[in-house]
Amino acid sequence: MDFLLDSTQQALKDSLARYLEAEVAPLVERYEAAKEVVPRSVVRAMRDYGLIGGLLPEADGGFGLLMTTYGTLIAEVARTWPSLRGMLSVSNLAASVLAGAGSAGLREKYLPAILDGRAICSFALSEPGIGSDAANVQTRVERMPSGGWRINGRKIYITNGPICDLGIVFARNVTGEGAGGVSCLVFESGMPGFSCSPIGKMGMHCCPLGELLFEDVEVPAENLIGEPGQAFSIAKKYLNIGRSVVAFGALGIAESSLQAALRFAREREQFGRPIGGFQLVQQMVADMMTQVETSRLLAYRSADALDRGLADNAVLCAMAKRHASDAALRVAELALQVHGGAGYTSLFPVERHYRDARHLSIGEGTNQIIGLLIAQSALGISALR
């Protein structure tokens, strides 16, 4: 197996890295400290590097990138600004669902605005009482006499919620076609009856989180994606991609944490020499390096399985997400420890890396649930039923 990037992938990575270092990195600490949302100009600029619609076919306005290429770019963004990575990933997820299952009319209406960065998207699945048990969605949708759809319910912990221009919402059909099943529909934040309350969080302060409220929100009949009651068959297709993306995002944070630790260990002196010369610090560095490299291998293994359409891509994406997100937190923790007391302050970036990494073992399925799914693939026995 060839572990090297090809010339095109390397050129894309290098070009993106130069832009991020020159134009984005100088913004990060100031914006995160002020908890200001990533500027839309930065989001729009990511289009030029294949980070908006990168996986979509060219016929739909995308770039038709391989997952290995797209993952490489995602990791590069996460190295610099995890908040930006989070915003991009959710908009891309919504775009992928629209492109893959939306009607021609929906694609024509919404995809251009998403793909040029004018529209920020949300993906509304989680609810106050529904997390891992997503099949028990309580938000309701019913067919109106006019033929459109009326949505009522609450969604919580929704990335981009407070700033989204449009989103995809999952709701249970209560009447008519698909009754009892779950459907997904496109909504716009300007629709009457929709509101969002921001939710504070531990890290990634520039990628906002919110609680969405749907009070008799009416959407046109054509805003239904796919068939009534068939939402999870649509979402399942993109779940594995989402987990691979999280693995690459975690890899980026871990790489950034390791580099910060190496830099500090070379420059900080105690007892007349750099602390990098002490055995215990070197042990921590060795552990961090190993965690980063194993995360890299699993992330690319999952991406390669997706690119090839291998039968085991689901379990590989699950393992990559689980390992890389746990590793990112461990690497960030060790990097903070290398910094000693300085690591606990906002004078160095490692405390932010730790906070930014923490959510990755929760999103796209908690690592505990992911572990059950991995074991189920080998045993053929579900622990969830």
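Modeller: Happy to, and please keep in mind throughout that this is a predicted model. To begin with the cysteines, the count of disulfides comes to zero.

Biologist: Is Cys206 buried or exposed? And Cys207, buried or exposed?

Modeller: Cys206 has 0% relative accessibility and counts as buried, and Cys207 is buried too, with a relative accessible area of 1%.

Biologist: OK, then at what angle do α3 and α6 pack?

Modeller: Helix α3, residues 67-80, packs against helix α6, residues 231-267, at an angle of about 40 degrees, and their axes are 7 Å apart. That angle makes α3 oblique to α6, and the crossing in which α3 passes α6 is right-handed.

Biologist: Which residues of α3 and α6 meet there?

Modeller: From α3 the contact includes Met67, Tyr70, Gly71 and Ile74, and from α6 it includes Ile241, Phe248, Gly249 and Glu255. Sorted by class, the residues in the contact of α3 with α6 are 10 nonpolar, six polar and two charged.

Biologist: And how does α1 pack with α3?

Modeller: Helix α1, which covers residues 7-34, packs with α3 at about 20 degrees, and the two axes are 9 Å apart. That makes α1 roughly parallel to α3, since an angle under 35 degrees counts that way, and the crossing of α1 and α3 is right-handed.

Biologist: Which residues make the contact of α1 with α3?

Modeller: On the α1 side they include Gln9, Leu12, Lys13 and Leu16, as well as Leu20, Val24, Ala25 and Val28, while Thr68, Leu73, Glu76 and Thr80 are among those on the α3 side. The contact of α1 with α3 has nine nonpolar, five polar and two charged residues.

Biologist: You mentioned Thr80, so what does Thr80 touch?

Modeller: Leaving out residues up to four places away in sequence, Thr80 touches Leu20, Val24, Ala25, Val28 and Arg352. Thr80 is placed in helix α3, and its relative accessibility of 17% counts as buried, because the cut-off for buried is under 20%.

Biologist: What about α8 and α10, how do their axes cross?

Modeller: The axes of helix α8, residues 313-338, and helix α10, residues 367-379, cross at roughly 145 degrees and come within 9 Å. In this case α8 passes α10 in a left-handed crossing. The contact is made by residues including Val315, Met319, Arg322 and Asp326 of α8, together with Asn367, Ile370, Gly371, Ile374 and Ser377 of α10. By class, the contact of α8 with α10 has five nonpolar, four polar and three charged residues.

Biologist: Changing topic to the backbone, what is the phi of Tyr157?

Modeller: Most residues other than glycine have a negative phi. Tyr157, although it is not a glycine, has a positive phi of about 60 degrees. Tyr157 is placed in strand β3, residues 149-159, and at 52% relative accessibility it counts as exposed.

Biologist: And where is Asn160, and is it buried or exposed?

Modeller: Asn160 is in the loop between β3 and β4, the latter being 166-173, and with 0% relative accessibility Asn160 counts as buried. Its phi is also positive, near 70 degrees, in a residue other than glycine.

Terms used. Residues numbered from 1 in each chain as written. Predicted model: local features only at pLDDT ≥ 70, side-chain atom pairs only at ≥ 80, totals over all residues. Heavy atoms only, no water. Disulfide = S-S within 2.5 Å. Buried < 20%, exposed > 50% of the residue type's maximum accessible area, 1.4 Å probe, protein only. Axes fitted to C-alpha atoms, helices over the stretch in contact; angles between N-to-C directions. Helix = DSSP H or I, 4+ residues; strand = E, 2+ residues; numbered from the N terminus. Parallel < 35°, antiparallel > 145°, perpendicular 65-115°, else oblique. Left-handed = near helix turned anticlockwise from the far one by under 90°. Contact = heavy atoms within 4.5 Å. Nonpolar A, V, L, I, M, F, W, Y, C, P; charged D, E, K, R; others polar.
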